[in-house]
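Open the model in your viewer and get ready to select residues one by one. Each stop tells you what to pick and what you will find there.

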Amino acid sequence: MSAILSSSRSKPSEAVISALTKELSTRFGDRMTTSAAVREQHGHTLTWVKNQPPDVVVYTRTTEEVSEIVKLCAEKGVPIVPFGTGTSLEGHINAPEGGVCIDLSLMKRIIAVHEEDLDCVVEAGVTRKELNEHLRDKGLFFPIDPGADASIGGMVATRASGTNAVRYGTMKDVVLSLTVVLPNGEIVKTASRAKKSSAGYDLTRLMIGSEGTLGIVTEITLKLQGIPEAISAGICPFPSVKAACDAVILTIQSGIPVARIELLDEVQVRAVNLHAKLDLPESPLLLLEFHGSDAGVQEQAERFGEIAAEYTDQPFVWATKPEERSRLWQARHDAYWAARGLRPGAQSVATDVCVPISRLAECVDETKRDILDSGMIAPIVGHVGDGNFHVQPLVNVDDPAEVAACEAFVDRLVKRAVAMEGTCTGEHGVGQKKMKYLEIEHGEAALDLMRVLKRAMDPHNIMNPGKIVAL
């Protein structure tokens, strides 16, 4: 495995950690633990990055408790790593210099729902499924759906996206305001509930995607949507990934307000069939969903069917019953675990890139050829309506040749996307594994500006050190 870029700071001494642990134990009792199993769980990652556990894990219940811990850590120069549900994929929650993991999963309050304003205020530990369960009876829903039942705080930290992004946007589009604990322990609110503002720097979006390196998000004010009057879904097979992507491009350029449009290549479809006991046609496949009125949904589906007919002789089949739609989308959300079943014992190396929609077919097609030439098992799945797709090589990490071949493939994938004016990550985030690509994508001057912001806000580099930028 390649080396992980880190910061210049060193781990705190055993004496410092011991003294801090005693203080935390006195204050938080059994909500503080040094158990090896719990610490390893909080350093875990769903990729091949080496596990780097924290020294201590503390479960918080309030913003004030988070502030209290941060002040203690700042006083002693001890690193802090915030933790939501641990579903991130790029090593975001590892603790390369040890320190304290602040677990916000007990912060579950849904503080307010303002139905008339279509917004709500929640604590960081609320998950997207929990929020939507609470909102269902009010006729509202939270539209960002990354697949995993991630915490809202974690979704803010990684600037999450998902299957609905083509219509409803990403986290940067639905967050109105944040409550954040800064590296010195101060508590700030970044904005109001107003739908727009010109009042000063946009602190909200500075924090969105900062991955816990500038502060810890504890409360979030979110925009909501009304549950659509009608929802329909469907599947459409294509002869190649390029044909499927070309259909997507024309669909988006034609202005069809599709809610979801997901690509699964034939390898991923085979994995989904085996995992979910489905009988989807094992060829490149688009899963689609349309939201709106009964008449609007029917018109959208018919217009897509006409476009699809230009690229495939296979029919666009509707899933008309809610249980059929749920089964299809659950299978899509389980794609990560389904893919792992194609090569038991292998490690998944999930990665993503995003390109302008006009370059999507070219990028996916070249990536598909690269996979075939490399001889890897690497399913492709993507939120292709906004140019974002994921590749999941399955690798024997005990074979140095396989590891090297996979890392070379990921390197080519990222450089291919950036060369097409895309990005090294559409939604996974930077964490540890994508740090080395930021200069390629942004340039040294922009990276230096990020370092200036980091140093200004976190001069002692205690907030999730070793992520995004190395100091």
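A residue counts as buried when its relative accessible area is under 20%. Keep that cut-off in mind on this tour. Note too that this is a predicted model.

**Stop 1: R31**

Select R31. You are in the loop between helix 1 (14-28) and strand 1 (32-33). Is R31 buried or exposed? R31 is buried, because its relative accessibility is 12%. Now show its surroundings. Leaving out residues up to four places away in sequence, R31 touches V57, V58, Y59, T60, R61, E65 and L106. Pick R61 from that group: its C-alpha atom is 9.6 Å from that of R31, and the two residues are 30 apart along the chain.

**Stop 2: R31 and E65**

R31 and E65 form a salt bridge, with their closest N and O atoms 2.9 Å apart. This pair links distant parts of the chain: R31 sits in the loop between helix 1 and strand 1, E65 in helix 3, and 34 residues separate them. Both partners are buried.

**Stop 3: R27 and E68**

Select R27 and E68. Their side chains meet in another salt bridge, 2.9 Å from N to O. R27 belongs to helix 1 and E68 to helix 3 (residues 63-76), 41 residues apart. R27 is partly exposed at 35% relative accessible area. E68 is partly exposed as well, at 29%.

**Stop 4: K368 and D265**

Jump to K368 and D265. What joins their side chains? A salt bridge does, at 2.7 Å from N to O. K368 lies in helix 14 (residues 360-374) and D265 in the loop between strand 13 (260-264) and helix 10 (266-276), so the pair ties together parts 103 residues apart in sequence. K368 and D265 are both buried. Now go back and show R27, R31, E65 and E68 together: salt bridges with shared partners join them into one network. Across the structure, the count is 32 salt bridges.

**Stop 5: the cysteines**

How many disulfides does the structure hold? The count is 0. Select C245: the nearest cysteine sulfur belongs to C363, 9.2 Å away. C245 is buried, with a relative accessible area of 1%. Next, select C406. Its sulfur is 16 Å from the closest cysteine sulfur, in C424, which is too far for a bond. C406 is buried too, at 0%.

**Stop 6: a surface patch**

Finish with L449, V452 and L453. They form a nonpolar patch on the surface, with about 260 Å² of accessible area together. V452 lies in helix 17 (residues 444-457). At 48% relative accessibility, V452 is partly exposed.

Methods:
Residues numbered from 1 in each chain as written. Predicted model: local features only at pLDDT ≥ 70, side-chain atom pairs only at ≥ 80, totals over all residues. Heavy atoms only, no water. Helix = DSSP H or I, 4+ residues; strand = E, 2+ residues; numbered from the N terminus. Buried < 20%, exposed > 50% of the residue type's maximum accessible area, 1.4 Å probe, protein only. Contact = heavy atoms within 4.5 Å. Patch = residues over 30% accessible without salt bridge, like charges linked within 9 Å, V, L, I, M, F, W, Y side chains within 5 Å. Areas by Shrake-Rupley, 256 points an atom, 1.4 Å probe, with all protein chains shown as cover. Salt bridge = Lys/Arg side-chain N within 4 Å of Asp/Glu carboxyl O. Disulfide = S-S within 2.5 Å.
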